[in-house]
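Here are my notes for you, colleague to colleague.

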Amino acid sequence: MPQDRQAQPLREQLLKTIAEKWVSPVFQPITDLQRGEISGFESLSRPGVESGFANVIELFKAGETTGLLWELEQVAREASLQSAKGWPAGVQLFLNTAPAVFADKRFAGEILKCVEGIAGLTPDRVVLEITEESGEQYVEGLETQVAILKEQGFQIAIDDVGAGASGLNRIMALRPQWLKL
């Protein structure tokens, strides 16, 4: 029972953060070592000071704990995509997504709708990274969503290969274009 009393204020805090969109992206450059140029940016979400979350780990842990990870990632994803609308052609945006969100049947349609709604942004400029929050090697629906998204022109990456669940079985099943070590 004490956990339920603690979870409710956390849920309310996260719902307010989502509603107010107190999540903003910062971008880490990805360099093409062959050309010596920046070829893309990985979007990293940060909670706003007003959210009350101390850091991104606390923020996304709250999303998992409260069952609001889908909604939290949606706000973070939309902010990142909007930030990329003025980028030069060819510069790629890398977006982190938890396996459970990625595997959700809504994901492919939602991400495509968001990208199509931003002038100058196309699926081939977006690399969807499957993160390592999940300790499970197999997440139901993940392979299906990856296939749909690849067909739509998105590129797929597995983040933190060698850590967590991103073993050879996941790599072979998903056949990503990118492996991030």
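Is E20 buried, exposed or partly exposed? With a relative accessible area of 42%, E20 is partly exposed; that label covers values between buried, under 20% relative accessible area, and exposed, over 50% (1.4 Å probe, protein chains only).

Before the points, a word on the basis. This is a predicted model, in which local features need pLDDT of at least 70 and side-chain atom pairs count only at pLDDT 80 or more, while totals for chains, interfaces and linings use all residues. Residues are numbered from 1 along each chain as its sequence is written, and side-chain values use heavy atoms, with hydrogens and water left out.

1. **The partner of E20.** E20 makes a salt bridge with K16, with 3.7 Å between the closest N and O atoms; the term stands for a side-chain nitrogen of Lys or Arg within 4 Å of a carboxyl oxygen of Asp or Glu. Because K16 and E20 are 4 residues apart in helix α1 (residues 2-20), about one helical turn separates them. Helices (H or I, at least four residues) and strands (E, at least two) are DSSP runs, numbered from the N terminus. K16 is partly exposed too, at 44% relative accessibility.

2. **Other salt bridges.** The whole structure holds 7 salt bridges. In one of them K61 meets E64 at 4.0 Å, N to O; these two sit 3 residues apart in helix α2 (residues 56-66), so they are about one helical turn from each other. E64 is partly exposed, at 37% relative accessible area. Another joins E110 and K113 at 3.9 Å, N to O. Here again the spacing is 3 residues, within helix α5 (residues 107-116), which means about one helical turn. E110 is partly exposed at 21%, whereas K113 is exposed at 53%.

3. Six strands make up an open sheet with mixed pairing, in the order β1-β2-β3-β4-β5-β6. Its edge strands are β1 (23-32) and β6, each of which pairs on one side only. Two strands count as paired if DSSP finds at least two bridges between them. Strand β3 (residues 92-97) runs parallel to β4, with 5 bridges joining them, and T97 has I130 in β4 as its bridge partner. Helix α2 lies across β1 and β2, at about 65° to β2; such angles run from 0 to 180 degrees between N-to-C directions, the axes being lines fitted to C-alpha atoms, for helices over the stretch in contact.

4. **Strand β5.** Which way do the side chains of β5 point? Q155 and A157 point one way from β5 (residues 155-158), I156 and I158 the other way, and all are buried. In general, the side chains of a regular strand alternate between the two faces of the sheet. β5 pairs in the parallel sense with β4 (residues 126-130) over 4 bridges, where V127 stands opposite Q155. β5 also runs parallel to β6 (residues 178-179), through 2 bridges, and there I158 stands opposite L179.

5. **A buried glutamate.** E42 is found in strand β2 (residues 37-47) and counts as buried, at 7% relative accessibility. Its side chain has a polar contact of 3.0 Å with that of N96; a polar contact is a pair of N or O atoms within 3.5 Å, where within protein one must be able to donate a hydrogen and the other to accept it, and residues adjacent in sequence count only if both atoms are side-chain atoms. Leaving aside neighbours within four places in sequence, E42 is in contact (heavy atoms within 4.5 Å) with residues including E129, D159 and K180.

6. **Aromatic pairs.** The whole structure has 3 aromatic pairs. Rings of Phe, Tyr and Trp (its six-membered ring) pair if their centres lie within 6.5 Å, and planes under 30 degrees apart count as stacked, over 60 as edge-to-face and the rest as tilted. F27 and W87 are edge-to-face because their planes are at 80°, with ring centres 5.2 Å apart. This pair links distant parts of the chain, 60 residues apart: F27 is in strand β1 and W87 in the loop between α3 (69-83) and β3. F27 is partly exposed at 29%, while W87 is buried at 17%. F102 and F107 form a tilted pair, 4.9 Å centre to centre with 35° between the planes, and both F102 and F107 are buried. F27, F41 and W87 form one aromatic cluster.
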